[in-house]
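Let me put the structure up, and then I'll walk you through what holds together where.

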Amino acid sequence: MAGLSPTSPGGPLRFVGRERELDLLLSAVRHPPAVVLVEGEAGIGKSRLIAEATAALAREGRPVLAGFCHPLREPFPYGPVVDALGKAGPWLPTGGLPPATGALAPLLPDLADRLPPPPPPTDDPGRSACG
């Protein structure tokens, strides 16, 4: 947990007891491209762990996208992924994205102006846009 201050992004309390988990998380994301899923029961410190890791990575100048599950009656498939991608605007190039990324425009309305047009629908409903 080197480099973290006594007070940290999660609040005025010292971050203790999760150094191993923080080290594992940081080790994983320091080898891009990386995607890490943090899951567990409510109230065990997942959000604080993510806040600590995000702060450490920001101090290193590394970009981080974090997506969260939101309490909904009906599950939202890939909700955390959509949440994270919705924050990607500052890192998106102004052009040159693959045409298939246009399929994300309906899920990411805030980024729709940065994405190519959605691909045309296929005649075969069982065939994906990837082949």
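Predicted model: local features only at pLDDT ≥ 70, side-chain atom pairs only at ≥ 80, totals over all residues.

Let's start with contacts, meaning heavy atoms within 4.5 Å. Take the contacts in the protein chain with a separation of 6 or more: 39% of them join residues 24 or more positions apart.

Residues are numbered from 1 along each chain as its sequence is written, and side-chain values use heavy atoms, with hydrogens and water left out.

So, the fold. The protein chain has three helices and zero strands, and the pattern reads α-α-α along the sequence. Helices here are DSSP runs of H or I with at least four residues, strands are runs of E with at least two, and numbering goes from the N terminus.

Of the 131 residues, 22% are buried. Buried is under 20% relative accessible area, exposed is over 50%, and partly exposed sits in between, with a 1.4 Å probe and protein chains only.

Now the inside. A nonpolar core is a set of buried Ala, Val, Leu, Ile, Met, Phe, Trp, Tyr and Cys residues joined through side-chain atoms within 4.5 Å. The largest one has ten residues, including Phe15, Leu49, Ile50 and Ala66. Helix H1 (19–29) and helix H2 (46–59) each put in at least two, and H2 gives the most, with five. What does Ala53 touch, leaving aside its neighbours within four places in sequence? Leu22, Leu25 and Leu26.

On to the largest pocket, with about 1,100 Å³ of space. A pocket is an open set of points on a 1 Å grid over the protein atoms alone, where a 1.4 Å probe fits, with protein on both sides within 12 Å along at least five of seven lines; lining residues have an atom within 4 Å of a point. The volume is the space filled by probe spheres set on the points, which are joined across faces, edges and corners. There are 30 lining residues, and Val35, Val36, Leu65, Ala66 and Gly67 are the closest to the centre. H2 gives the most to this lining, with six residues.

Last one: Leu37, in the loop between H1 and H2. Buried or exposed? Exposed, because its relative accessible area is 68%. Leu37 is 30 residues from Gly67 in sequence and 9.6 Å away in space, C-alpha to C-alpha.
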